[in-house]
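Q: Can we go through this one together? I'd like to talk about its charged pairs and one of its helices.

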Amino acid sequence: HPEAELPPSLQLSLAFTRRGKDRRSGLILTIPLCTEQTSMEELSSTLDYLLGIPSDKCKARGFTVIVDGRKSQWNIVKTVVLMLQNVIPAEVSLVCVVKPDEFWDKKVTHFCFWKEKDRLGFEVILVSANKLTRYIEPCQLTDEFGGSLVYDHIDWVNKRLVFEKFTKESSSLLDELVVINDSEKSSQPPDCNFLPSLDPETVLQTGHELLSELQQRRFNGAEGGGVAWSPMDDELLAQPQVMKLLDSLREQYTKYQEVCRQRSKRSQLEDIQTKVMQVVNWLEGPGTEQLRTQWGIGDSIRASQALQQKHEEIESQHSEWFAVYVELNQQIAALLSAGDEEDLVELKGLQQQLSDVCYRQASQLESRQNVLQSAHEFHGTAQDLSQQLDGLLGMLCADVAPADGAAIQQTLKHLEEKLKSVDGALVGLREKGQVLMDQMSNQTSWSYGKDVPIDNKDNVDHIQGVMEDMQLRKQRCEDMVDVRRLKMLQMVQLFKCEEDASQAVEWLGELLDALLKTHIRLGDDSQETKVLLEKHKKFVDVAQSTYDYGRQLLQATVVLCQSLRCSTRSSGDTLPRLNRVWKQFTVTTEERVHRLEMACCFHTAAEKVLVQASPDQGDLPVEVEQETYEEVETVGKALLDRLTVPVIFPDGSEQYFGSPGDMASSAEHIRDKMKLVEDRKLTLHEEDEEDEDIEQLPYQQLQYEQIHDQVEELHNDEELQDDQELHDEELQDVDNELQDGEELELENETDT
């Protein structure tokens with residue numbers, strides 16, 4: 001400990017040197033004696049230490065020793081004075097023994113010191129405290145001797161301890177730094193573990209603080225007084241000593257810092273070299289070996305996922321080394337920025353080597369990852385395509401039992417969408433397979449500095465095999481889709497034929513219904529009846545084409561059922577219905593023709609009678625044969641009887657033309673015409689009789705004829721008005737029937 005260098009008695013104030021000086025500019029040494037027993041050994045060591053502080057020049061001026069014996073005994077004072085002879089006989093010029101006022105025999109004490117003067121070698125005087133100013137200026141004395149000098153011994157001791165500690169530590173540190181710095185210059189490798197025992201920064205800080213204290217007016221600073229102050233000689237000597245130590249320490253510390261920097265740089269460079277080689281050796285060794293043994297692509301999604309997981313583990317191991325690479329690259333960049341010429345080439349070489357290996361390995365990892373990703377996508381697409389083909393094959397293998405044409409169209413649309421989706425998936429599979437093969441063809445393995453080609457023949461064969469297998473499966477499904485499409489189109493035709501045949505039956509039924517309900521007019525004259533006969537023939541032609549169209553559709557249905565091998569389907573009841581309706585229509589139209597022909601004969605005979613017997617033409621009436629009258633009566637009665645007879649169908653059912661009112665109206669019209677013919681016959685007969693009896697009953701007969709004519713005219717006018725209205729209605733119904741027949745014929749032709 002630094003305090004061991006100072007004697008303990010120094011801290012006990014057994015002796016001390018003040019800042020004051022005597023009249024010869026010599027230092028003043030004060031030895032305060034106390035009532036307790038003073039150890040001469042401790043006092044001697046204290047004096048030795050204190051006398052070793054001043055310079056030789058200061059010692060040559062001599063010391064003035066003040067022995068304060070006011071609190072001590074005479075024999076102790078005497079012992080101390082005699083001890084000064086042995087410790088510092090040459091440096092002592094005057095010894096002032098401060099005596100107490102009440103003790104000591106002046107004669108005895110004076111005689112003793114005077115007697116020993118020659119032997120002691122210095123003068124010893126006994127003096128009171130208030131008389132010291134005779135030998136020493138008051139300003140050089142402290143207050144206990146009546147002076148004004150300020151002195152703090154404890155503070156001086158503390159500062160002296162700091163000085164001693166600094167000088168010891170700085171000297172020791174200087175020696176260590178010199179050894180360390182000199183070892184760096186030698187040819188032998190330096191011991192990097194040899195470090196200073198003290199912190200140079202701390203020692204320098206202590207020295208600067210000490211120097212700052214020494215450069216002040218006093219260690220502790222005077223408070224007031226305004227007394228002139230001059231530093232002690234030891235303080236004057238300590239300042240250059242501290243400054244010299246600080247300069248030497250700074251110089252050696254600067255060199256040491258450079259040595260440490262060189263050491264750190266060299267150590268860092270060696271550490272970087274070691275780490276770089278570790279990274280390079282692992283990447284080119286175990287890392288490359290891991291990649292070299294992992295070049296498969298798997299044969300399914302699960303296998304490719306397992307390979308990806310294994311690759312992620314490999315990447316994780318590489319990531320740790322890549323993190324080391326990033327750290328090393330930053331360290332190398334920092335060293336390169338320092339600009340040391342001797343290390344630039346080596347650092348750049350290490351950086352380039354490390355970067356080449358890491359980038360090459362990272363490229364292989366990325367390439368492998370891309371291959372595995374492409375393989376996963378390829379297997380995923382292959383699996384999806386396989387599932388789509390399985391679903392399509394399941395649809396094709398299932399029995400087709402659609403309910404109608406719309407269901408068939410929906411099924412066909414679904415099949416086309418499935419096939420289109422399969423085509424797109426197969427195209428995607430080929431694209432992904434080609435990308436995968438291209439990526440594998442560009443792969444190379446780097447093994448210990450050499451490019452090693454990779455044999456991917458098995459992988460390529462597997463990819464091509466998968467694509468060919470999918471192509472064959474897709475082709476088989478396409479063939480089956482073509483067969484299914486043809487079959488479904490035939491079924492669509494079958495349903496369409498059946499639907500159209502049923503529609504033809506409905507049309508014939510509608511024509512039959514129209515024939516029975518609306519085709520009831522027989523015409524008001526022969527000309528109109530002939531027109532109705534022509535319209536009826538056209539109406540029958542339309543029905544005949546509808547019937548023929550239905551027969552053709554039913555024949556096509558039979559052919560399609562045979563082609564589809566659909567034994568469970570047939571024309572059903574459509575053909576019997578068609579034949580039944582057609583037979584009913586045939587019977588009805590024959591009856592209609594008969595009635596129209598009879599009506600035509602009736603109107604022709606009636607018109608012949610009425611025209612020949614009518615005097616309206618300005619000629620004389622022509623005599624009508626009796627056969628003509630009979631023909632009118634016979635045909636008219638037959639026609640009336642015909643109107644009351646229903647149409648009897650082949651199945652025994654009956655059906656009347658129109659309503660009973662319609663038939664009654666037609667019959668009434670025929671009766672009226674028959675009555676008109678009869679009236680015409682009677683009129684002609686009466687005219688002949690009138691010629692004979694005109695003279696006998698001129699006035700009565702004329703009046704009777706006039707009244708009869710008026711009644712007949714009134715009756716005829718009412719019948720003509722009713723017949724005209726009925727005739728107009730019949731013409732309107734015929735027009736409607738013709739229009740409906742033309743529309744039906746047009747629809748039949750369009751469907752055909």
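Predicted model: local features only at pLDDT ≥ 70, side-chain atom pairs only at ≥ 80, totals over all residues.

Q: How many salt bridges does a search of the whole structure find?

A: The search finds 17.

Q: OK, take Glu-284. Which residue does its side chain meet in a salt bridge?

A: Arg-360. The N to O distance is 3.9 Å. The cut-off for a salt bridge is 4 Å, so this pair counts.

Q: Where do Glu-284 and Arg-360 lie?

A: Glu-284 is in helix α9, residues 233–292. Arg-360 is in helix α11, residues 341–397.

Q: Is Glu-284 buried or exposed?

A: Buried, with a relative accessible area of 18%. Arg-360 is partly exposed, at 24%.

Q: Switching to Lys-474. What does it form a salt bridge with?

A: Glu-478. Their closest N and O atoms are 2.3 Å apart.

Q: Where does that pair sit?

A: In helix α13, residues 457–517. Lys-474 and Glu-478 are 4 residues apart, so about one helical turn separates them.

Q: And why does a spacing of three or four places matter in an α-helix?

A: An α-helix has 3.6 residues a turn, so residues at that spacing point the same way.

Q: Lys-474 and Glu-478: buried or exposed?

A: Lys-474 is buried, with a relative accessible area of 11%. Glu-478 is buried too, at 17%.

Q: Which residues are linked with Lys-474 in a network of salt bridges?

A: Asp-423 and Glu-478.

Q: Next, Glu-591. Which side chain does it meet in a salt bridge?

A: That of Arg-642, at 2.8 Å from N to O. This pair links distant parts of the chain, 51 residues apart. Glu-591 belongs to helix α15, residues 574–613. Arg-642 belongs to helix α16, residues 626–643.

Q: New topic: helix α14. What should its residues span?

A: Helix α14 covers residues 526–564, which is 39 residues. At 1.5 Å a residue, they should span 57 Å.

Q: What happens just after α14?

A: Arg-565 comes there, and takes a positive phi of about 55°.

Note on methods: Residues numbered from 1 in each chain as written. Heavy atoms only, no water. Helix = DSSP H or I, 4+ residues; strand = E, 2+ residues; numbered from the N terminus. Expected span 1.5 Å × (residues − 1). Buried < 20%, exposed > 50% of the residue type's maximum accessible area, 1.4 Å probe, protein only.
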